[in-house]
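Dear colleague,

Please find below the structure that I am handing over to you.

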Amino acid sequence: MESTIERTYPWWQRGSIYQIYPRSFMDSNGDGIGDLRGIIDKLDYVQWLGVDAIWISPIYPSPMADFGYDVADYTAINSLFGTLDDFDALVAAAHGRGLKVILDFVPNHTSEEHPWFVESRTARAAAKRDWYIWRDPAPDGGPPNNWRSVFGGSGWEYDAATNQYYYHAFLKQQPDLNWRNPAVQSAMLDVLRFWLDRGVDGFRVDVLWHIFKDDQFRDNPPNPNHRPGESLYEALLPDYTTDLPEVHQIVGSMRSVLDAYDERVLIGEIYLPVEQLVTYYGVNGAGVHLPFNFQLILLPWDAQLIAATITTYEEHVSAAGWPNWVLGNHDKPRIASRVGPAQARVAVMLLLTLRGTPTIYYGDEIGMHDVPIPPELIHDPWERNEPGLGLGRDPERTPMQWDAGRNAGFSTGTPWLPLAEDAAQNNVARERDDPASMLTLCRQLLALRRAEPALAVGGYQAVPASGDLLAYVRSHAGRRLLVVLNLGAHQQALEHSGLGAGRVLLATRPDRAGEPIGDRIALSGDEGIIIELQSATG
Ligand code: GLC
């Protein structure tokens, strides 16, 4: 029977999202690259883990210049990954297990091999010329202005055949679409309908804040805070290439498309400060449901800083929409490498006890770490364009570690990226039945989140704490859960919180479960606990 929580809160508010990087999740045909049949084979695992939705990074036809984020056909499946029939089977199998399916939608740019661009570049008079952003050279023959590519170098690529430049915010193989053209808008909104009609439950929209550029093509100003060693893109402030007011109108159109269906979710990939981020909820909630909140990825791992960040975020979000938190993705170093394996357990407790929808990156639930990639195996074009700055994203994209067998059970062929050196010890099969494993902890946290409305949908209240401690209460209908996390490696105690006594419900150290807690809460280094507090009257 449906509970009150289920009736009151849509699935994307009460549930958790699991990101699958399809090339690396499970290879069913031995070509070394993960595929849709592989995902289907592992849906029992995903269901067992206890998440509510999978978001799959792009699976469309693509020359893979940016590993699928260069789309050559928005309404088909890359043969590397399978067929549309496989996709339909995946949706049916996921739905049969109560799992939602979220696709990646890449609206800012296509692949240079997309038929739209192939046609667009044939002539200045081409029918689809203005589907992309073409400009005459500057008087000296150089690029039209100073706009840079996120992945290094100019954002403009010269096309000798027509003596014009086209703009690409990312690789030159990823020309930006011209969203000022209504024909582009309607073709792309139709793409959303195509997948929604096939039963997809929502979209994660790639680089949403990029899709409009200044129509006067003004130069971006220099960034006074640029430091040597940072990517060259950061040397300019992207004032005229990102976060333009026009984007909100299109977000509204995307949202209207989704609103014609039942309970679908629109998630925006947006890297912006929180004041700007929350504007993407839209006026009267007509924007994205979840503008991805990447602060836990971007901030130094410091308790005081994170506590202040949560408070600021809560203040900004409360009126605007539903919060969300992300700890890792396919573009950033893995949490276990950023904070170390012991602290990663605390981090996942933080992710899964904060107020708002959590997104878990595949493999983080077993504590996978970044895998060093030898130069000859580097795939990521960003690393190739700007070597040596640590920008490469291959280390966090390595194959999922399923068991201690060959290639960690990921593939019978040669995996497209190397496996972690510790894959034989650190894998699903080894961790599933180990009460002290990261996987067990994640699964317990996900189960607790489902069982406790206080965690899934309850209020958030910060509890003052000093040093490396971070503490807060989540509450719902009189039930109060106190979360205390030690973000440092040394023992610390929360003294006299004034919250009363309680009992440990779940801890990063399994032996603490059930322990009574009084006025002083002592934590070892790298420890986190969730305490059920006695009710005020009890
Ligand atoms: C997003 C994706 C990233 C991709 C880029 C360009 O940031 O997450 O992987 O390279 O967009 O599409």
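Around the ligand there are 14 residues (a residue counts as near if one of its heavy atoms lies within 4 Å of the molecule), and the closest are Asp 66, Asp 206, Glu 269, His 330 and Asp 331. Please note that this is a predicted model, in which local features need pLDDT of at least 70 and side-chain atom pairs count only at pLDDT 80 or more, while totals for chains, interfaces and linings use all residues. Residues are numbered from 1 along each chain as its sequence is written, and side-chain values use heavy atoms, with hydrogens and water left out.

Ligand site

By class, the shell around the ligand consists of seven charged, four nonpolar and three polar residues. Here Ala, Val, Leu, Ile, Met, Phe, Trp, Tyr, Cys and Pro count as nonpolar, Asp, Glu, Lys and Arg as charged, and the others, Gly among them, as polar.

Polar contacts are pairs of N or O atoms within 3.5 Å; within protein, one must be able to donate a hydrogen and the other to accept it, and residues adjacent in sequence count only if both atoms are side-chain atoms. Asp 66 places a polar side-chain atom 2.5 Å from an oxygen atom of the ligand. For Glu 269, an N or O atom of the side chain is 2.8 Å from a ligand oxygen atom, and for His 109 a polar side-chain atom lies 2.9 Å from an oxygen atom of the ligand. The ligand exposes 300 Å² when taken alone, and the protein buries 96% of that (Shrake-Rupley method with a 1.4 Å probe; for residues, only the protein chains shown count as cover).

Sheets

Helices (H or I, at least four residues) and strands (E, at least two) are DSSP runs numbered from the N terminus; two strands pair if DSSP finds at least two bridges between them. An open sheet with parallel pairing has eight strands in the order 9-8-7-3-2-1-11-10. Its edge strands, each pairing on one side only, are strand 9 (290–291) and strand 10 (324–326). Strand 10 pairs with strand 11 (residues 357–361) in the parallel sense over three bridges, and Asn 324 stands opposite Thr 357 in strand 11.

A second open sheet, with antiparallel pairing, has six strands in the order 12-13-14-19-16-17. Strand 12 (459–463) and strand 17 (516–517) are at its edges with a single partner strand each, so one side of each is left without a neighbour in the sheet. Strand 16 (residues 502–507) pairs with strand 17 in the antiparallel sense over two bridges; Gly 502 has Ile 517 in strand 17 as its bridge partner.

Hairpin and loops

Strand 5 (residues 156–159) and strand 6 (residues 164–167) pair in the antiparallel sense over four bridges, with Tyr 166 in strand 6 as the bridge partner of Glu 157. Four residues lie between the strands of this hairpin, in which Asn 163 takes a positive phi near 50°.

Asp 243, which is not a glycine, has a positive phi of about 55°; Asp 243 is in the loop between strand 7 (202–205) and helix 8 (246–259).
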